[in-house]
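Please examine the structure shown below before reading on.

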Amino acid sequence: MSFGEFMQQLVNGISLGSLYALVAIGYTMVYGILRLINFAHGDIMMLGAYFAFFGYAVFVLPWWLSFIIAIVLTSLVGILIDKVAYKPVRKAPRISALMTAIGVSFFLENFGLVVFGGVPRGFHRPDMFGKLITVGGVRFVSYSIYIPLFTAIFLLLLLFLVYKTKIGMAMRAVSKDMETTRLMGIDVDFVISVTFAVGSALAAAGGIMWAIKFPQINPLMGIMPGLKAFIAAVFGGIGDITGAMLGGFILGVIEIMTVAFFPDFAGYRDAIAFSLLIIILLFKPTGLMGEKIEEKV
Amino acid sequence: MRKLGLWVIVGVLVFGLMGSALAAGVVRLGAVLPMTGAVAAYGQQTWSGIKLAMKLYPTVLGEKIKVVLVDNKSDKVESANAASRLAKEEKVVAVIGAVASSNSLAAGPILEKAHIPMVTPASTNPLVTQGKHYIFRVCFIDPFQGKVAAVYARKVLHAKTAAMLIDRAQDYCVGLANFFKKAFTKMGGKIVAVTYAQTGDQDFTAQLTAIKRKHPDVIYIPNYYTEDALVLKQARELGIKAHFISGDGAQADALWKVGGKAVVGLAFTTHFAEKAVTTKLGKQFVKEYYKVYEKSPPALAALGFDAYMIIRDAIARAKSANPEKIRSALSATKGFKGVTGIINIDEHGNAVKSAVMEKVVWNEKANKGEFKFVTVINP
């Protein structure tokens with residue numbers, strides 16, 4: 001493999017990884033605060049992509065406006081899902097919440113099949129994201145710059161929200177001890193609603209970016225990205241936002257490089273990603289950046 | 001209260017089943033089609049053809065034909081479930097389906113065991129009918145289709161080298177790739193790169209970057225339209241200028257809805273082109289299809305239509321709606337003048353007929369792609 005081809009593959013990998021990263025930071029944030037693995041995250045992402053699609057295709061809005069409306073709508077749906085599905089099992093054992101999340105995931109997928117139809121739809125890529133760029137023989141499309149850029153911006157905003165604002169402080173308090181936080185006079189339900197709104201908004205942004213890179217959307221499009229983002233989040237240490245981003249990038253590059261160096265295994269790249277998950281869980285269950293689990297005496 | 005509800009459900013189910021079994025004067029056919037999932041467009045197209053056939057030819061032997069449609073969600077396991085549901089619960093006498101070869105391979109053995117004949121409209125992999133008595137098809141098979149693609153690459157495009165990107169999860173794609181490779185190398189061409197993907201993959205940049213290094217004249221992508229559209233889009237973005245050829249799995253307007261202008265120039269082998277229609281039934285089909293759906297008929301609709309018609313023809317010749325008798329009549333089908341050409345069923349249950357080569361071109365006025373007829377290649 002020549003240096004030029006290696007660089008091309010690296011760019012391919014980073015371009016893919018930035019998408020995983022974008023979906024993973026929302027995934028990990030909800031977990032970090034609520035200790036809930038929101039398996040429906042990928043499907044919320046699908047909703048975001050569809051809302052954006054309907055925004056410009058049916059209501060003929062400019063693309064940026066339909067993207068913003070889609071993100072807002074999706075975060076409202078996120079709050080609704082929390083109120084309807086997760087709130088009733090808040091005090092139940094954690095496994096109940098996990099099962100509920102899987103239920104929500106299946107519900108959204110089949111809801112999508114019924115309402116949007118099972119036929120994949122073409123997603124219009126705004127010109128800004130579709131420009132071809134060539135640098136020293138390495139070719140890429142402008143989304144390969146915009147997606148990592150947006151991921152970085154969202155990451156900074158999210159870090160600011162969690163660590164520098166009052167609501168962020170409340171979120172961190174909820175993640176430490178929900179009951180005590182309630183006793184301190186903080187409206188825990190409101191904090192959780194905000195958490196879901198932000199998580200779902202990130203999912204919607206991820207879904208839209210996903211549809212820009214792979215301009216084809218269908219009601220089941222969220223399943224694989226959801227799982228990959230989960231792997232990325234676990235890889236980076238689930239609950240850690242920066243770790244999830246790193247995990248996403250690394251997963252993307254590993255996937256592409258597997259295909260590049262072992263073309264015979266190209267059909268098994270998902271299997272390789274999942275094997276990675278198993279290996280991490282076996283040897284470093286807290287991930288790259290994960291907190292150390294300290295035994296309480 | 002809850003128990004009462006349960007009994008009501010049980011009651012409805014029992015009566016429903018009895019009702020369906022007792023209904024007289026109706027010939028019940030089944031259809032296993034991908035109405036949702038990866039190849040949903042094919043299910044929808046096939047069903048549009050079957051519905052048109054039901055509208056134009058609603059009866060056989062003086063009885064009404066009813067087609068029970070079951071969605072297999074483009075999935076192998078769901079196809080098997082659908083087949084056993086049609087055989088055991090719906091009590092159908094013959095089945096149309098499935099579309100994807102891997103799905104027909106999953107549904108076939110179940111119907112074979114239940115001794116119910118199945119006619120697949122579009123599964124082209126040879127294994128689908130191999131060694132089976134109850135499985136038939138109205139389409140050509142992949143060895144022929146792969147050969148036609150190779151002839152087109154060597155003789156029309158004068159290609160010396162070819163690369164392939166194959167969806168490893170589909171029996172159809174793997175089979176087609178092998179037959180193309182065999183025919184292409186036999187005619188003096190050289191395969192310079194073989195890469196793989198999986199159904200549902202969306203990123204092919206790694207495979208395409210590897211292919212680009214070998215500078216092939218032709219890239220054969222015998223996959224379904226969803227993957228093909230994304231492959232072409234990414235290939236053009238990576239600056240690959242080679243000719244792309246695909247199989248009948250590429251034919252769907254989702255191709256340009258997803259891939260835009262990147263899919264222009266893709267050539268593919270297929271079963272049906274309006275311009276190649278010669279039979280009376282074919283002309284009627286084209287005319288009525290425009291009338292009912294207000295658009296040009298896709299190949300899958302034509303095949304769905306033929307699958308229905310050939311079963312209806314078999315029932316009429318057998319003078320009975322008994323599955324065994326339908327089977328022997330189907331296997332004796334000779335010179336049936338269908339929409340997609342003259343169909344002869346050979347001893348393996350395969351249809352022997354010609355193939356059509358089509359190409360994607362861009363219609364500037366309508367600002368969308370369309371399929372352009374290139375040539376007919378006979379067996």
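In the account that follows, Ala, Val, Leu, Ile, Met, Phe, Trp, Tyr, Cys and Pro count as nonpolar, Asp, Glu, Lys and Arg count as charged, and the others, Gly among them, count as polar. By that division, the lining of the second largest pocket holds 20 nonpolar, eight polar and eleven charged residues. The model is a predicted one.

**Domains of chain B**

Chain B is divided into domain 1 (2–140 + 278–348) and domain 2 (143–270 + 356–377). The centres of these two domains, taken over C-alpha atoms, are 30 Å apart. Domain 1 of chain B gives 17 residues to the contact, and domain 2 of chain B gives 19 residues.

**Nonpolar cores**

The largest nonpolar core has 192 residues, and those with the most contacts inside it are B:Leu29, B:Phe180 and B:Phe285. At least three residues of this core come from each of domain 1 and domain 2 of chain B. A second, separate core has 16 residues, including B:Val32, B:Val70, B:Ala87 and B:Met118.

The surroundings of B:Phe180 can be listed in detail. Not counting residues up to four places away in sequence, B:Phe180 touches B:Gly146, B:Ala149, B:Ala150, B:Ala153, B:Ala162, B:Met164, B:Ile191 and B:Tyr220.

**A buried helix**

Helix 7 of chain B covers residues 205–212, and because seven of its eight residues are buried, this helix is largely enclosed by the rest of the structure. The buried residues of helix 7 of chain B are B:Thr205, B:Ala206, B:Gln207, B:Leu208, B:Thr209, B:Ala210 and B:Ile211.

**Pockets and cavities**

| Space | Volume |
|---|---|
| Largest pocket | about 1,300 Å³ |
| Second largest pocket | about 1,000 Å³ |
| Largest cavity | about 100 Å³ |
| Second largest cavity | about 70 Å³ |

The largest pocket is lined by 49 residues, of which A:Leu220, A:Ile223, B:Ala38, B:Thr199 and B:Gly200 are the closest to its centre. Among the elements that give two or more residues to the lining of the largest pocket are helix 1 (3–34) and helix 4 (94–116) of chain A, and helix 3 (76–88) of chain B. By class, this lining has 21 nonpolar, 16 polar and twelve charged residues. Domain 1 and domain 2 of chain B both give residues to the lining of the largest pocket, so this pocket lies between them.

The second largest pocket is lined by 39 residues, and the closest to its centre are B:Asp253, B:Trp256, B:Ser296, B:Pro298 and B:Phe371. Strand 1 (121–122) of chain A supplies at least two residues of the lining, and so does each of several elements of chain B, including helix 2 (40–56) and strand 16 (368–377).

The largest cavity is lined by 14 residues, and the closest to its centre are A:Asn12, A:Phe140, A:Val141, A:Tyr143 and B:Thr205. B:Thr205 is also one of the buried residues of helix 7 of chain B.

The lining of the second largest cavity takes at least three residues from each of domain 1 and domain 2 of chain B.

**Backbone features**

Most residues other than glycine have a negative phi, and most peptide bonds are trans. The peptide bond from B:Gly97 to B:Ala98 is cis, with omega near -15°. B:Ala98 is found in the loop between strand 4 (94–97) and helix 4 of chain B.

B:Leu61 is not a glycine, yet has a positive phi of about 50°. B:Leu61 is located in the loop between strand 2 (59–60) and strand 3 (63–71) of chain B. Because its relative accessibility is 45%, B:Leu61 counts as partly exposed.

B:Lys73, likewise not a glycine, has a positive phi of about 55°. B:Lys73 lies in the loop between strand 3 and helix 3 of chain B. With a relative accessibility of 40%, B:Lys73 counts as partly exposed.

Methods: Residues numbered from 1 in each chain as written. Chains lettered and ligands numbered in written order. Predicted model: local features only at pLDDT ≥ 70, side-chain atom pairs only at ≥ 80, totals over all residues. Heavy atoms only, no water. Core = buried A, V, L, I, M, F, W, Y, C linked by side-chain atoms within 4.5 Å. Buried < 20%, exposed > 50% of the residue type's maximum accessible area, 1.4 Å probe, protein only. Domains from an automatic or database assignment. Contact = heavy atoms within 4.5 Å. Helix = DSSP H or I, 4+ residues; strand = E, 2+ residues; numbered from the N terminus. 1 Å grid on protein atoms, 1.4 Å probe; cavity = no way out; pocket = protein on both sides within 12 Å on 5 of 7 lines; lining within 4 Å. Points joined across faces, edges and corners; volume = space filled by probe spheres on them.
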